[in-house]
Amino acid sequence: MITDFDINSTCCFTGHRVLRKDFDVTVLEQVINEAVNSGYKTFLTGMANGFDRVCASVVMNLKEEKNVEIIACVPCRDQTRFFTSAQKAEYNYFLKNADKVIYLSDGYYEGCMQLRNRYMVDNSSLVIAYSKTNFGGTYYTVSYAVKNNKKIVYV
């Protein structure tokens, strides 16, 4: 897939769908602001519940004052099939307000989430991660980023 953004100024997010009680959005805001101040302009979110959308919200709040964009990297068009009504409403808000939406597959299949995660890492030079386990999708994505020599900042 061809991108129309500069990988060197692109950052992606990876993190858990359920945020622990000790998660501090203020720390996340500081990390994202540091990325922006270091020249990152494009931010990729996988649109999952939890960390992905908290990150998207922080970036969207910066759009007024900073020259940044948020790109929704959707693993499949039916990503919301198991979401609650409230989760779907929030998801649709972020899709509508994203600068661009990239659909990586039409329908769900085993492995489409990993494809989305690899796409985001491959098209970024910085990964902001909220990883608290040594298993699962976030762990896989961080491991993939390490293998591909990406800069990683942990929240």
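A crossing of two helices is left-handed if the near helix is turned anticlockwise from the far one by less than a right angle, and right-handed if clockwise. In the structure above, α1 passes α2 in a right-handed crossing.

Before I go on, the source. This is a predicted model, in which local features need pLDDT of at least 70 and side-chain atom pairs count only at pLDDT 80 or more, while totals for chains, interfaces and linings use all residues. Residues are numbered from 1 along each chain as its sequence is written, and side-chain values use heavy atoms, with hydrogens and water left out.

Helices (H or I, at least four residues) and strands (E, at least two) are DSSP runs, numbered from the N terminus.

Back to the helix pair. The axes of α1, residues 25-37, and α2 come within 10 Å and cross at roughly 55 degrees. That makes α1 oblique to α2; angles under 35 degrees count as roughly parallel, over 145 as roughly antiparallel, 65 to 115 as roughly perpendicular, and the rest as oblique. Axes are lines fitted to C-alpha atoms, for helices over the stretch in contact, with angles from 0 to 180 degrees between N-to-C directions. Contact means heavy atoms within 4.5 Å. On the α1 side, the residues that meet α2 include Val-25, Leu-28 and Ile-32, and on the α2 side they include Phe-51, Val-54 and Val-58.

Now the sheet. It is open, has six strands in the order β4-β3-β2-β1-β5-β6, and its pairing is parallel. β4 and β6 (151-154) stand at the edges with a single partner strand each, so one side of each has no neighbour in the sheet. Neighbouring strands are turned by 25 degrees against each other on average, direction ignored. Two strands pair if DSSP finds at least two bridges between them.

How many bridges join β1 to β2? Three, with β1 at residues 10-15; Cys-12 has Leu-44 as its bridge partner in β2. Leu-44 in turn has Ile-71 as its partner in β3, and four bridges join β2, residues 42-45, to β3. Another four join β3 to β4, residues 100-103, where Ala-72 is partnered by Val-101.

β2, α2 (residues 51-62) and β3 make a right-handed β-α-β unit, and so do β3, α3 (residues 85-97) and β4. Right-handed here means that, with the strands pointing away from the viewer, the path from the first strand over the helix to the second runs clockwise.
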